[in-house]
Amino acid sequence: MKDKFSKFNKLVKKELRENKSTFIVYINLRILVILTMVLQFFNGNYENVFLCLLTLFMLLMPSILQAKFMIEFPSTLEIIILLFIFAAEILGEISAFYLRFPYWDTLLHTINGFICAALGLSLVDILNEQEKLEFELSPLFMVIFSFCFSMTIGILWEYFEFGADRLFE
């Protein structure tokens, strides 16, 4: 088990170092989150300390997924995902941008829709590039799939958000 974790850890580190621009954004965001976490700890906001820890884990998720499934997301998409996580968790929750800026939630939901569409397009493109598969997907199919993927993720997120609001209010 330890050997498997060590191998996986090396894959994640390799993934982070292969894409220099992604790695630079990742390190800078991680430093900002750690500084925020230390500040929240000294202010006695332990819930926000946990949120910072969760954010640090979520910042690793794109690299973990790429290492686990041996796929490669475009660097630009990965950077946008990292910035989105930072904007939602650190700026939105801890810095109270949801309260300070009336359309912050709408902005993040809109960006999330585009991110999900780009993820859907990337996933179909990855399948399309596989040498094991002997068919070529049309661009129209890829666009329709991306749109449907984005809408499905958006709807599932809204169900989750509604359920969490009802459960925790």
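Predicted model: local features only at pLDDT ≥ 70, side-chain atom pairs only at ≥ 80, totals over all residues.
Residues are numbered from 1 along each chain as its sequence is written, and side-chain values use heavy atoms, with hydrogens and water left out.

The protein comprises seven helices and zero strands, where helices (H or I, at least four residues) and strands (E, at least two) are DSSP runs numbered from the N terminus. The order of elements from the N terminus is α-α-α-α-α-α-α. Along the principal axes, the C-alpha atoms fill a box of roughly 60 × 40 × 30 Å.

Helix H2 (residues 20-42) and helix H3 (residues 46-69) have axes that come within 8 Å and cross at roughly 165 degrees; axes are lines fitted to C-alpha atoms, for helices over the stretch in contact, with angles from 0 to 180 degrees between N-to-C directions. H2 is therefore roughly antiparallel to H3 (angles over 145 degrees). The crossing of H2 past H3 is left-handed, that is, the near helix is turned anticlockwise from the far one by less than a right angle. In contact (heavy atoms within 4.5 Å) are residues of H2 including Tyr26, Leu29 and Phe41 and residues of H3 including Tyr46, Val49 and Leu60. This contact involves 13 nonpolar, four polar and one charged residues, with Ala, Val, Leu, Ile, Met, Phe, Trp, Tyr, Cys and Pro counted as nonpolar, Asp, Glu, Lys and Arg as charged, and the others, Gly among them, as polar.

For H3 and H4, the axes come within 10 Å and cross at roughly 170 degrees; the two helices are therefore roughly antiparallel to each other. Among the contact residues are Asn48, Met58 and Gln66 in H3 and Glu78, Glu89 and Ile94 in H4. By class, the contact of H3 with H4 contains ten nonpolar, four polar and three charged residues.

The largest pocket holds about 1300 Å³ of space. A pocket is an open set of points on a 1 Å grid where a 1.4 Å probe fits, with protein on both sides within 12 Å along at least five of seven lines; lining residues have an atom within 4 Å of a point. Of its 34 lining residues, Met58, Phe84, Ala88, Glu89 and Trp157 are the closest to the centre. H3 supplies the largest share of the lining, ten residues. The lining includes 24 nonpolar, three polar and seven charged residues.

Note on methods
Parallel < 35°, antiparallel > 145°, perpendicular 65-115°, else oblique. Points joined across faces, edges and corners; volume = space filled by probe spheres on them.
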